[in-house]
Amino acid sequence: GVVQGAAAHDGDAPELDAMVVQLRANVNGQQPIAGFVAESDSLRKAAGRKHIVLDMRMNGGGNLQLTRDWMQSIVAKLPADGRVVVLTSPSTFSAAISSVGYLKQAGGDRVTLVGEAPGDRLNFFAEGSPAALPHSGAMFLVAKERHDYQGGCKAYTDCHRPVVAYPIAVANLDPAVPAPWTAAAYQTGRDPGMEAVARLLGHP
């Protein structure tokens, strides 16, 4: 069972006893994300897989509210010995960072981060409107709202409302297992992140 859309893709990985889920953006593509994640859950149960491998390496963000509930509930839906392995990279941005934060906060030690650190710090600004420079006309985004994922926005008054209502407070989102995707690996058709996942899940 494989489901494809503009923002998401998943597939069965029996060799890992896992369902691999790739979210490329936190947006509703050809298939709404809510339907996609529900179908991913159903496919995993039907296949009897214990684990989820969540690939967020190319997710540049979108709407953090579209995946928040699912991220917070993933681990609770797995068998007691099930794990979630999350792949991140410098291209993991914005709402993708939020999503990984919600997942790590809810899942604790049953969530393992693999790859490279996300592309921003855990205290960053987002949300805003484009503006034009008066002489060149060049457009840029004015980011006006804070996201604080270490202190849960408790120390600030300028935080994005959804993360005030549903705060994130994690020590860090650094990978427990570094696995950079290098140009050399790409040229030879290797995926160091998935190789690390295989070692973690006991299938070297």
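**Salt bridges and a nonpolar patch**

Let's start with one pair. Asp158 and Arg146 form a salt bridge through their side chains, with 2.9 Å from N to O. Where do Asp158 and Arg146 lie? Arg146 is in strand E8 (139–148), while Asp158 is in the loop between strand E8 and helix H4 (161–165), so the pair ties together parts 12 residues apart in sequence.

A caution before going on: this is a predicted model.

Now, is Arg146 buried or exposed? Arg146 has 14% relative accessibility, and buried means under 20%, so Arg146 counts as buried. Asp158, at 27%, counts as partly exposed.

Why can such side chains pair at all? Side chains of opposite charge can do so when their charged atoms come close.

How many salt bridges does the structure hold? Eight. Here is another one. Arg68 pairs with Asp69, and their closest N and O atoms are 3.7 Å apart. Arg68 is buried, at 7% relative accessible area.

Next, Arg190 and Glu195. Their side chains meet in a salt bridge, 2.8 Å from N to O. Arg190 is partly exposed, with 40% relative accessible area. Glu195 is also partly exposed, at 29%.

Last, the surface. Met58, Trp181 and Tyr186 make a nonpolar patch of about 380 Å². Where is Met58? Look in the loop between strand E4 (51–55) and helix H2 (68–77).

That's the tour. Questions are welcome.

Notes: Residues are numbered from 1 along each chain as its sequence is written. This is a predicted model: local features need pLDDT of at least 70, side-chain atom pairs count only at pLDDT 80 or more; totals for chains, interfaces and linings use all residues. Side-chain values use heavy atoms; hydrogens and water are left out. Patches are made of residues with over 30% relative accessible area and no salt bridge: like charges are joined within 9 Å, nonpolar side chains (Val, Leu, Ile, Met, Phe, Trp, Tyr) within 5 Å. Accessible areas come from the Shrake-Rupley method with a 1.4 Å probe; for residues, only the protein chains shown count as cover. A salt bridge is a side-chain nitrogen of Lys or Arg within 4 Å of a carboxyl oxygen of Asp or Glu. Helices (H or I, at least four residues) and strands (E, at least two) are DSSP runs, numbered from the N terminus. Buried means under 20% relative accessible area, exposed over 50%, partly exposed in between (1.4 Å probe, protein chains only).
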